[in-house]
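My entries follow the structure.

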Amino acid sequence: MASNGETAVFNAIDPESVQVDIKSPAKNRYTSSPLHPNKRKGPVLFERASGSWWNPKFDSSILEEYLWQCYFPQTQRRFQYVLLYIVVACAAWCIFFGLMRENNWIVYVSGAAVLALISILTLVFTKTGKYPLMYIPTSVVYTVVLGLLLLVGFLFNPADLSTVGSFCASVEILLLVYTFIPMPLFVAVLIGGGYSIIYEVLTALGHPIMNRYDFIIGKILLHLCIHLIGIHIFFMSEVRRRSTFWKIGQSLIVKRELIREKKNKEKMIHSLMPPSVAEEAMRTREGKEKDEDDPSKKKGKVKSAKGKIIFRSFNMNKMDKVSILFADIVGFTKMSSNKTAETLVGLLNDLFGRFDKLCVDTGCEKITTLGDCYYCVSGCPKPRDDHAECCVEMGRGMIKAIKQFDEEKKESVDMRVGVHTGTVLCGLVGKCRFKFDVWSNDVTLANNLESTGRPGQVHISECTYAYIKDDYVVEPAEPIEDLRTHKVLIEHYSSVSSSFTIRHTEEQKKLNTYFVIDKIKKGIEKDGSTNNLVVIPMEESEDQLKGEKQAENITSDGDVVINHLDRESSGINGVTPSTLLTRRHSDTSMDKNMEDKGKSYCKWTPCCFHPAFRKSCSDSHLCSFSSHPYLSLKAQAPPTQRGSDVEAAGDPSLVPMNPDWTNCSHMKEENDNKIVACINENVKNKSFFYEPEINRLTLCFLNADMEEDFRDHYLESNLGKEETMASPRYHSLIEAVLSLIVFILISICCFLVFGYHIVWLFVFIIALIIEILVLIQLATDVKIGLKKKEKCSMLMHILSGWYFRNSMGAVIAIIPIIAVYSNLSCELATNDQWKDRFFCFTAIVALLHFCNFTMLSAWVKSFLVTVAGIALLILLSVRFCPPEEFVHVKPIVTLFANTTSASPTYKVNQSTLSDHLFSGENNLRYEIILDIILLLLLILFISREFEISYRLSYFGSSQSEKQRVQMMENKEQAEWLLHNIVPAHITAIVKQTSTYSKNHKDIGVIFATIVNFNDFYDESYEGGREYLRVLNELYSDFEDLLDEPRFKDVEKIKTISSTFMAASGLNEQNRAKNKNPNAHLYALLEFAQELQNKIGQFNDSIFNFDFQMKIGYNFGEVTAGVIGTTKLLYDIWGDTVNIASRMYSTGEMDQIQVPESTVQRLGDKFSFGNERKVLVKGKGEMKVYFLEKKIEGATWE
């Protein structure tokens, strides 16, 4: 069926998963032209409906067959209940006829016994293995036999079963045919319609009084009501069953997708930070979102009444006994000098991928990679006793791994490794593009050990040696400066600014170091956490004895090198502005031809995780989840034209759908099989499909929250928003329409047979108004429900509530029986034209009307129908009118001889009272009482079964929605975490492959360094944690600027200790929207000015803090890429980055230094001055300038 709405496509690539998502316009089955939303004629029956209203089925034989397998136990059980019900009814009739002993009671008892025997034999047959193969023929044959046995009673005259009794039994048979006896709808209509005709014909032949035109028309209308109610019940049962089946399948598929998203989330978490740290960060994020929703809470830090500073949330923990490893690739400069970006990124990924595996094997936690530097820790964030041994084995393994790398890639690089053990602060700094990192002077010592080490050997401190001295052979090395000195806080007076600032003084110490030669014991295994330790055997090699000078820092004219600047100051996390920034940003000397190739660096693989592929596959119209904005559940037939509706901004892999019908059908079957497999995998007991988690007595959900949602937010739920016939909105409308039709038909019968009187007219008018008002209310819910909710949200909430819904449903359900009872009068009761019989006919149909309301609570319906039934039984059991009202009912004519004319005289005969049903003395009242009791039992059972099925539909939809929300939360968290690793515009690519590199031209780059932060940093108080809190606050202030629209082209790259790195123009799509091609460069320079303003404001807000910043700016060609396999890192490389780093390192305090090329490009919007020349390593002398100000009135938007 070509349906409207949203199309869901399941992943045809991954056989282990089923992906559900994506909105796509519906298309015509034959022309493949999009269907306009306004041209939709109505809702679909259910998700993936075939389009046949007469025979509701899925559009897939696979789904239909599996539906039958899942629900056949319920069908079989219900049919068995029917057989038991008929056996009980037969037993009751046997007792009744045996007690009454009327003319043909033996025949009737025998017939009832035969029917009971047939029912028992059929019941036994349903428990055999042959029944599933013959269930439809069994149902048809049994129904025919049941009808024939009931019709046999008409052969006897007078019959022992009254017309009321036979009519009630006929209603029960017809109700069973349409509800619980399994057969197709057309068969049920044929058998039911044929039975009604034969029954009424035989009734008219046996009772000439029933041949009156008003009785004939009335009986036709009553049978029409019976069949309409039966067809409605049958139709909605089939629709709801398939809708529920799909919702359960949807729920399970979403559950599988949830598991996938959780795995993706865990993968993203591990790619960014340890799970425990990520959980804390996400809790902080949730708290921030709540604060943003609360206008009383301001963003950032605020001052309290007492002048205290309230800082942002800060995730930082102090950990002792942590070993830190720094490793640097010796010879990387030479290797990178003749490599393209794609090749270099590939080599780094290969090498770092080996290191990542070693990290896992040796029990280390990777922190990050910085250019050609790799560093990790052990004993953090989870403590472990063998942390030092883990790091040493990691270092030895890295040396071995790089030797294997050299052999395979024909390169000549080596590793220099430094390991130190001490105390660290671990956590996150900043609020965006953050990463898990460690800070402390001990981290800096580990970095110094690496830089002073020897290629091919692990350089350790005496602190690390204390932990491994019994396991390794070492040799002494040169002592290094111990940075863990005690600082003394002093006040420094500046005569220039006439103010006091805080300074530290410290004494210098030395730290003994060693080189690890070999391991004393090989292959050892320790208890506890050391079981996972992998010992890396080292091989003797002459390369281990080579000195530091091997192929490092080779500089020549025309060659691009990695510049290692001289150290200006020691950093707190092993990454100082002078020693590590430029070495982490090596130029890769891009071949000019690579610009065109950059578009295809990353080979895309279609995957339904990415919307573009799902969109491109949407033409297969496999399935959809209309019930959710994210999951759309409708079916569409495969189009006959090539689908190309791909919406994937920046996605180079547009995979069109094969237009061939056979291929599309085959793919559709494959995905249907995946749905079935998913259900089979998760549902072990088929009762899951028809037995929700409810209390079997009260029918309430066992979960109190779900019961509350079902009652108070039912129509507001996702189930209530569906555009299907099974949704509450449409289902309620259908029930209201049918209720109005039944009421009108019953009213016509009453007017025809009972005539007009004031009470009945009043009830009719009031009831008709109520019916129409309810119909209007429900119709407007369908058409303009959203507008009504917007304008009258409180009223709509009340109207959709459980109590109001059931109250209005009760009123509508009871209207027909009230209409019938309002016609009861002494005139009717004493009428000798069988109007009292017809009154019972209409009352029985009015009782049947309660089955129409499947959305109404079973207990409410049961109470109402029981009260209505008991009322009828009471009326049959008492004398409705005084005896004198019955005087005229039996005219007896007596002729006297002495009179000239004959005139009738009336004689009260006691036997005449028994002819009237409401005389209180009619013997038929016992039969009718039994009829009504059996009918009530059947109606109560039907009400119970249908409420269970309706609650199951809600349960499936609720579970699906709940899991969908969880999936979306996991997806959003994964996206949020991923966006803190890589920019949003390359997220889709990284999802497909972690290998990404691309050339960009005219990219602005800045380095902003707080040059005197280390002067403030002191670990004597809380290990330096509060100083990092200050740094976090400052970085967060910087990052707040990125949210401003004017800096939309600026993005943070990373922070390195006290250095903030940002770039502009990397998002080429946003950049292309700018009117001025240099807009992103202007924006970055203005951003640099704002950084200066921010740090000035920060100094003013915190007493005695006088942070000073130097900023370097440059623009040009860069290579952007993602490095790593476990801890992904997005970074940029190139000569442009190196020069930007030199601009800050050779600059002056509180100045923004730029090269001459920047002045030439941006001089029309900014003024520059103080021209001078500086010596830039690898470049020689360069003309540089300081930014003075933005030219007044300059704009570039």
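Entry 1, a helix pair. I found that the axes of helix α4 (residues 163-179) and helix α22 (residues 835-848) come within 10 Å and cross at roughly 20 degrees. Axes are lines fitted to C-alpha atoms, for helices over the stretch in contact, and angles run from 0 to 180 degrees between N-to-C directions. I therefore noted α4 and α22 as roughly parallel to each other (angles under 35 degrees). On α4 the contact (heavy atoms within 4.5 Å) involves Thr163, Val164, Phe167, Cys168, Val171 and Leu175, and on α22 Arg837, Cys840, Phe841, Ile844, Val845 and Leu848.

I worked on a predicted model, in which local features need pLDDT of at least 70, side-chain atom pairs count only at pLDDT 80 or more, and totals for chains, interfaces and linings use all residues. Residues are numbered from 1 along each chain as its sequence is written, and side-chain values use heavy atoms, with hydrogens and water left out. Helices (H or I, at least four residues) and strands (E, at least two) are DSSP runs, numbered from the N terminus.

Entry 3, a strand. In strand β8 (residues 458-461) I saw Val458 and Ile460 point one way and His459 and Ser461 the other way, and all are buried (under 20% relative accessible area, 1.4 Å probe, protein chains only). β8 runs parallel to strand β6 (residues 414-427), joined by three bridges, and Gly418 stands opposite His459. With strand β12 (residues 509-519), β8 pairs in the antiparallel sense over four bridges (pairing requires at least two DSSP bridges). Tyr514 of β12 is the bridge partner of Ile460.

I located Gln76 in helix α1 (residues 61-100).

How values were computed: Angles under 35 degrees count as roughly parallel, over 145 as roughly antiparallel, 65 to 115 as roughly perpendicular and the rest as oblique. Buried means under 20% relative accessible area, exposed over 50%, partly exposed in between (1.4 Å probe, protein chains only).
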